[in-house]
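Me: I have a structure that is new to me, and I would like to go through it slowly, asking at each step what a description rests on. Please set each value against its cut-off before you conclude.

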Amino acid sequence: MEDTDIQHIKSVLKEWNKFPAHAEADFNCLFNEVSTALQEGLTGGDLVFVIQNEFMNHFGEEGPAEDVAHIAGVISDWWLSKQSS
């Protein structure tokens, strides 16, 4: 994964502002899981599961379903468009 890809994913997740990470380490966990999932070929619904899993691991409950589905779609669409170009 290129540095520009890393920066883009981090930027999108930070701007999303729905993951209430109280520490940078929590945010980095979310970023690492999302970027690993993308590199493994997971997108769409699978990415929703990855993000929801991070909510459960860090906060003990699922994140807002519509918001999680939206950000997973944004990231998936961007990633898939990069792969096909």
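This is a predicted model: local features need pLDDT of at least 70, side-chain atom pairs count only at pLDDT 80 or more; totals for chains, interfaces and linings use all residues.

Me: Why is Ser 76 called buried?

Reply: A residue counts as buried when its relative accessible area is under 20%; Ser 76 has a value of 3%, and is therefore called buried. Leaving aside neighbours within four places in sequence, Ser 76 is in contact with Thr 43, Gly 44 and Leu 47.

Me: How do you know whether Asp 5 is buried or exposed?

Reply: The relative accessible area of Asp 5 is 6%, and because the cut-off for buried is under 20%, Asp 5 counts as buried. Asp 5 has its place in helix α1, and, with residues up to four places away in sequence not counted, it touches Trp 78, Trp 79 and Lys 82.

Me: What makes up the chain as a whole, in terms of helices and strands?

Reply: The chain has 4 helices and 0 strands, and from the N terminus on the order of its elements is α-α-α-α.

Me: How does the radius of gyration of the chain compare with that of a compact globule?

Reply: For 85 residues, a compact globule would have a radius of gyration near 12 Å, and the chain has 12 Å, so the two agree. Taken along the principal axes, the C-alpha atoms of the chain fill a box of roughly 40 × 25 × 20 Å. Of the contacts in the chain with a separation of 6 or more, 54% are accounted for by residues 24 or more positions apart.

Me: Which residues touch the most other members of the largest nonpolar core?

Reply: That core has 21 residues, and those touching the most other members are Leu 13, Trp 16, Val 34, Leu 47, Ile 51 and Ile 75. At least two residues of this core come from each of α1 (3-16), α2 (24-39), α3 (45-59) and α4 (65-84). As a general background, nonpolar side chains tend to be buried together in soluble globular proteins.

Me: What does Val 34 touch, not counting residues up to four places away in sequence?

Reply: Val 34 touches Ile 9, Leu 13, Leu 47, Val 50, Ile 51 and Ile 75.

Me: Why is Val 48 called partly exposed?

Reply: Partly exposed is the class between buried, under 20%, and exposed, over 50%; since Val 48 has a relative accessible area of 22%, it falls in that class. Val 48 is placed in helix α3, and, apart from neighbours within four places in sequence, it is in contact with Val 68, Ala 69 and Ala 72.

Me: What makes Gly 73 partly exposed?

Reply: Gly 73 has 23% relative accessibility, and because this lies between the 20% and 50% cut-offs, Gly 73 counts as partly exposed.

Me: Where is Pro 64, and why is it called partly exposed?

Reply: Pro 64 is in the loop between α3 and α4. Its relative accessible area is 35%, between the 20% and 50% cut-offs, and Pro 64 is therefore partly exposed. Leaving aside neighbours within four places in sequence, Pro 64 is in contact with Gln 52 and Phe 55.

Me: How do you know that Asn 17 and Gln 39 count as exposed?

Reply: The cut-off for exposed is over 50%; Asn 17 has 64% relative accessibility, so it counts as exposed, and Gln 39, at 51%, therefore counts as exposed as well. Asn 17 is found in the loop between α1 and α2, and its phi is near 55°, a positive value in a residue other than glycine. Gln 39 lies in helix α2, and, apart from neighbours within four places in sequence, it is in contact with Met 1 and Trp 79.

Note on methods: Residues are numbered from 1 along each chain as its sequence is written. Side-chain values use heavy atoms; hydrogens and water are left out. The radius of gyration is taken over C-alpha atoms; the globule rule is 2.2 Å times the number of residues to the power 0.38. Contact means heavy atoms within 4.5 Å. A nonpolar core is a set of buried Ala, Val, Leu, Ile, Met, Phe, Trp, Tyr and Cys residues joined through side-chain atoms within 4.5 Å. Buried means under 20% relative accessible area, exposed over 50%, partly exposed in between (1.4 Å probe, protein chains only).
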